[in-house]
Amino acid sequence: MAVFLNALATLGWVLGAAFIVFSIGCGLYVISEWVEEYPRQTRKLIQFSVWIIDIVHVLAALDGVSLWRVVASMCANHVYTLNLETFPLVHTTSLAFLGSCALAVGNHFMWFFYFIQNLGHPFGHVCALMFFCVWMVPLALFVSLTPVDVSLPRAHDSGDHQRTRQNMFKTLFAKFRQPDDSRTRQQSLHAE
């Protein structure tokens, strides 16, 4: 009987999910723009958020969450901050970056299996702990990688990109503006 309403409800759920995904994508894009504009403040904010998340971990442990998992998750967050030493440049082959990637996956699965084994936790509590304690710092570091890839010049750039950012243009333009000592000497030799 309610075939039309069921179809309309399904369409509403699909459009709502698409809107949420689109909103998250737009939000991440805006955050990556802020990271590009204010790298020093972003570095401080990520470092500050790690200390705040440590407090959240301690409060979660006082609420009865597994203590050794809390300590392991706190250690993982502090290993992530090793990438902040060269921020916003992140060397993807460095031990700190590769270790952070492995810890992010391991931390996620550690908490996932914990909540699978302890089904008594409400879904909202699980989502909140997973977002703040497990995903927030790695996500912040991941979003901060995007402007580095786009705006900083690389040795193998050929300059034939259709879309360039102003930061890259300014950097390349500054290199051309600096006088080359060999050109200056050649010009002075020709003048004599």
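User: How many helices and strands are in the protein chain?
Analyst: There are seven helices and zero strands. Helices (H or I, at least four residues) and strands (E, at least two) are DSSP runs, numbered from the N terminus. This is a predicted model: local features need pLDDT of at least 70, side-chain atom pairs count only at pLDDT 80 or more, and totals for chains, interfaces and linings use all residues. Residues are numbered from 1 along each chain as its sequence is written, and side-chain values use heavy atoms, with hydrogens and water left out.

User: Which residues does the "transmembrane region" annotation cover?
Analyst: The unreviewed UniProt entry lists 12–31, 51–71, 91–116 and 123–145. Such annotations may be inferred rather than shown by experiment.

User: What is the helix content over residues 12–31?
Analyst: That span is 100% helix, and its end C-alpha atoms are 28 Å apart. Residues 91–116 are 85% helix, with ends 35 Å apart.

User: New topic. At what angle do α2 and α3 cross?
Analyst: Roughly 175°, and the axes come within 9 Å. Axes are lines fitted to C-alpha atoms, for helices over the stretch in contact, and angles run from 0 to 180 degrees between N-to-C directions. So α2 is roughly antiparallel to α3 (an angle over 145 degrees).

User: Which residues make that contact?
Analyst: Among them are Trp51 and His57 of α2, and Leu67 and Met74 of α3. Contact means heavy atoms within 4.5 Å.

Terms used:
Parallel < 35°, antiparallel > 145°, perpendicular 65-115°, else oblique.
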